[in-house]
Amino acid sequence: MKVLKFGGTSVANPENINKVKSIVQNLDKEKVAVVVSAFGGVTDLLLGTSALAAKQDTSYKESLKTIEDKHINAIRELIPVQNQSAVLSKVKSDLNVLETLLEGSFLIGELTPKLSDKIVSFGELLSSYIISEFFKAEGLDATFKDSRELIITDNNFGKANVDFKKTNTLCEAYFSSNPNQITILPGFVASSGTGNSTTLGRGGSDYTAAIIAGAVEADVLEIWTDVSGMYTANPRLVKQAKCVSHISYEEAMELSHFGAKVLYPPTIQPVLGKGIPIAIKNTFDPENPGTLITKNTNGNGKTVRGISHVGNISLLSLEGPGMIGIPGISKRFFETLSLKNISIVLITQASSEHSICVGIADEDVDAAAEAVNETFEYEISTRKIKPVIVEKDLTIIALVGDNMKSHQGLSGKMFSTLGKNNVNIRAIAQGASERNISAVIKKDDVKKALNSLHETFFEENVKQLNLFVMGVGNVGSKFLDQIRQQKKYLKDELKLNVRVIGISNSRTMAFDENGIPLKDWETVLASGEQADKQAFFNRIKSLNYRNSVFVDNTASAEVSESYPNYLKNSISVVTCNKIACSSDYSYYKELKQLAKQYNSPFLFETNVGAGLPIIDTLKHLIASGDKVKKIQAVLSGSLNFVFNTFNDSVTFHDVVKQAQEQGYTEPDPTIDLSGVDVMRKILILARESGHQLDIDDIANEPFLPKESLETNSNEAFFESLKKYESDFQKMYKEAADSDSKLKYVAQFEDGNAKVGLQKIPKGHDFYNLEGSDNIVLFYTERYPNQPMIIKGAGAGADVTASGIFADIIRIGNF
Ligand code: ADP
Ligand code: ASP
Ligand code: MG
């Protein structure tokens with residue numbers, strides 16, 4: 001014999017019930033018990049309606065009407081017209097009883113657990129009756145049996161305990177004599193020895209099926225639901241979760257106990273001893289093999305089999321000096337909770353015995369705290385023990401697997417993954433069976449924690465990076481192009497799954513939680529919502545994705561002021577915007593420190609030399625113990641272009657104009673020509689070499705006349721260049737006469753930095769610098785005479801975008 005159970009979604013509507021029928025019809029002609037849940041959502045509706053009635057809220061009537069309609073409509077769709085009236089009259093009379101019960105509760109303004117069970121049992125009683133009539137009408141050899149006549153429990157309404165002796169006898173007797181091939185039974189409901197309706201706890205239809213399977217020693221127990229088996233994590237929260245094809249009873253129990261709702265935890269017990277296999281199957285994909293649960297499976301060589309979580313948890317801690325070495329404290333503590341019928345989900349006690357901490361359901365915690373404070377009233381009044389501390393809105397996440405005990409380093413890996421993603425751990429517990437390691441975390445961090453742990457333990461190779469890009473001008477759009485082109489390569493070769501979740505320019509911003517399709521980003525952005533920097537940040541924060549990276553492609557001071565917010569929320573920052581790193585030293589230092597504290601890299605390679613690996617190289621030199629003695633560099637692509645193009649056959653004005661038109665200068669060319677841009681860059685290099693320096697400490701002898709520098713518009717600036725043409729020609733001639741070229745050089749030595757125009761003689765490393773190239777010479781303890789040289793294109797959207805890209809990959813490898 002087989003026992004099949006169909007859950008709420010599987011019987012949510014006539015269309016799904018037809019799917020159930022096909023599954024049952026396709027079985028061999030062996031005997032089956034088919035246990036069904038209430039139609040999807042009906043149990044919640046019944047509980048909600050009765051709560052309204054008990055509050056004497058008349059709107060319970062509307063809610064009841066919804067329940068009634070659901071059932072009446074199902075009958076009209078499923079049962080042929082000629083059979084409808086009998087079924088309708090039975091169901092209507094049941095609904096009348098339900099109405100009377102609710103009215104009773106409304107009148108006295110109360111809902112006892114006993115009445116609640118009576119009311120909620122209608123969900124399963126009605127669904128199973130309607131389905132059985134449907135099956136009969138379809139010509140199946142089916143009958144209905146009320147589970148309350150088979151499953152006997154105590155009077156613990158809401159979650160009654162089964163009397164297996166009586167139940168097994170009744171089940172055996174019924175199924176051995178029942179002639180029909182198919183018996184349809186309501187899940188979840190049972191009756192007490194004294195004949196009252198009881199229920200088996202939320203999700204309890206699974207248990208009903210298991211009780212029957214155990215009693216009749218079924219060949220298999222099939223749990224038909226809305227997912228294709230038991231997954232490595234809840235597939236609704238972790239997209240990458242995979243079905244576990246074979247798992248042991250113990251692992252399945254542990255996973256379900258820790259929140260894998262797909263199986264109600266007590267379900268395993270009745271079938272475990274008899275070795276009856278459980279199959280978890282998908283009603284909507286019946287061919288899928290799903291999950292098979294049996295005795296030892298040897299874990300198929302895997303250590304961690306699944307990750308689950310239980311929400312709505314509170315921590316209750318008792319601590320105080322008076323607890324150390326005093327026997328009986330724990331006994332009194334646990335006894336108090338037990339007397340209040342409060343179940344404990346997790347326990348931790350430090351070996352110092354200074355505190356005991358338990359995890360319990362949020363709904364129980366106030367009563368628990370009151371009871372414990374009362375028990376320890378004397379100790380609290382004499383200050384030996386502190387009043388209990390309660391922390392609400394937490395969640396337990398747990399790694400589960402039989403083979404975990406024989407492997408070192410799993411908890412290390414678990415906690416470092418959580419730590420790296422800034423998930424704060426409030427308590428830790430490891431079952432003595434070592435089949436589970438649990439951590440208590442904040443409820444808001446659950447999705448992030450599950451996904452990061454899943455990545456660590458099940459997708460070991462692929463790491464997901466979630467990018468939020470602000471600024472999609474020249475550099476930003478090139479960057480998005482590069483990501484699109486390299487996406488596949490990154491995934492296949494570097495095991496990085498890079499997704500752009502949000503983008504913004506100054507007008508609009510757009511988000512797509514599954515990743516913005518990069519070939520259409522312009523359309524997506526154009527139809528986005530109005531841009532707002534704070535809202536952009538708020539959105540990223542509330543998404544709370546692991547490995548989030550904020551990419552700043554703007555040149556905005558306001559954006560650069562928002563970095564601390566990002567870093568403090570463990571969102572890494574990658575920026576080509578130089579403002580932050582060249583502003584006050586204290587701000588630069590703060591950003592570096594936040595990056596360290598929150599494990600969120602702050603990278604700005606493109607601040608100096610665009611895509612050239614200048615800062616990264618410098619970091620490696622310092623990290624390996626080298627010391628920078630001197631830096632000499634040509635760092636301005638724009639000034640290089642200007643002085644490489646300028647000669648006695650063109651005017652300085654025309655060359656600068658050309659540089660501006662070709663995008664080699666900042667929109668305001670004085671930023672480049674005054675040397676401010678170069679000052680910022682050498683400042684950043686000096687700071688990265690370990691020196692405390694501010695922009696005012698840098699000597700700058702401008703080559704432009706004061707008047708040109710002090711102009712207040714681009715037109716006036718260009719006009720003034722014309723006026724001083726002869727001075728510029730003189731500068732050129734002096735250099736040419738001495739076989740030198742003009743280069744704008746930045747230098748840092750002995751803690752001092754300076755920038756300025758220099759005549760560079762033939763043979764010098766700087767002499768042959770072409771176009772907009774940059775060059776940096778690092779003289780260090782290890783490179784004292786022959787400097788380490790980095791040279792190449794130091795400006796342009798493409799190379800800058802690739803520098804940002806390189807920073808993203810660095811974060812991927814972090
Ligand atoms: P039913 O109504 O069929 O009993 P449930 O809603 O009780 O279905 O259980 C199925 C749900 O369990 C899935 O839709 C899924 O959201 C949830 N779930 C949680 N953890 C897991 C897991 N590890 N594997 C599969 N499903 C899970
Ligand atoms: N209908 C009950 C519930 O929703 C039992 C079940 O579906 O398993 O909890
Ligand atoms: Mg269920």
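**Figure 1**
Does N544 count as buried or exposed? At 15% relative accessibility, N544 counts as buried. Here, buried means under 20% relative accessible area, exposed means over 50%, and partly exposed is whatever falls in between (1.4 Å probe, protein chains only). You're looking at a predicted model, where local features need pLDDT of at least 70, side-chain atom pairs count only at pLDDT 80 or more, and totals for chains, interfaces and linings use all residues. Residues are numbered from 1 along each chain as its sequence is written, chains are lettered from A and ligands numbered from 1 in the order in which they are written, and side-chain values use heavy atoms, with hydrogens and water left out. N544 isn't a glycine, yet its phi is positive, at about 50 degrees. You'll find N544 in the loop between α17 and β22 (548-552). Those labels are DSSP runs numbered from the N terminus: helices are H or I with at least four residues, and strands are E with at least two.

**Figure 1. N599, another non-glycine with a positive phi.**
The phi of N599 is about 55 degrees, positive although N599 is not a glycine. To spot N599, look in the loop between α21 (585-597) and β24 (602-603). With a relative accessible area of 32%, N599 is partly exposed.

**Figure 2. The aromatic pair F511 and F536.**
Searching the whole structure turns up 24 aromatic pairs. The ring centres of F511 and F536 sit 5.3 Å apart with their planes at 40 degrees, so this pair is tilted. What makes a pair? Rings of Phe, Tyr and Trp (its six-membered ring) pair if their centres lie within 6.5 Å; planes under 30 degrees apart count as stacked, over 60 as edge-to-face and the rest as tilted. F511 belongs to strand β20 (residues 508-511) and F536 to helix α17 (residues 533-543), so the pair ties together parts that are 25 residues apart in sequence. Both partners, F511 and F536, are buried.

F602 and F604 have ring centres 5.0 Å apart and planes at 50 degrees, so they make a tilted pair. F602 is buried at 5% relative accessibility, and F604 is buried too, with a relative accessible area of 2%. Which residues form one aromatic cluster with these two? The members are F511, F536, F537, F550, Y563, Y566, F602 and F604.

**Figure 3. S572 and its contacts.**
S572 has its place in strand β23 (residues 572-575). This serine is buried, with a relative accessible area of 5%. Setting aside neighbours within four places in sequence, S572 is in contact with S548, V549, F550, L567, S600, P601 and I811. Contact means heavy atoms within 4.5 Å. One of those contacts, F550, also belongs to the aromatic cluster.

**Figure 4. L399 in strand β15.**
Look for L399 in strand β15 (residues 389-400). At 0% relative accessibility, L399 counts as buried. Which residues does L399 contact, leaving aside its neighbours within four places in sequence? They are V304, G306, I307, M404, M414, R435, N436, I437, L453 and F457. Take G306: it is 93 residues away from L399 along the chain, but their C-alpha atoms are separated by 6.1 Å.

**Figure 5. G756 in strand β28.**
G756 lies in strand β28 (residues 752-761) and counts as buried at 10% relative accessibility. Not counting residues up to four places away in sequence, G756 touches E701, K743, Y744 and V745. Between G756 and G675 there are 81 residues of separation in sequence and 7.3 Å in space, C-alpha to C-alpha.

**Figure 6. Zooming out to the protein chain.**
The protein chain has 30 helices and 30 strands. Its radius of gyration is 36 Å, well over the 28 Å that the globule rule gives for 814 residues, so the chain is more spread out than a compact globule. That radius is taken over C-alpha atoms, and the globule rule is 2.2 Å times the number of residues to the power 0.38. Along its principal axes, the C-alpha trace spans about 115 × 70 × 55 Å. Of the 814 residues, 54% count as buried. Among contacts with a separation of 6 or more, 71% involve residues 24 or more positions apart.
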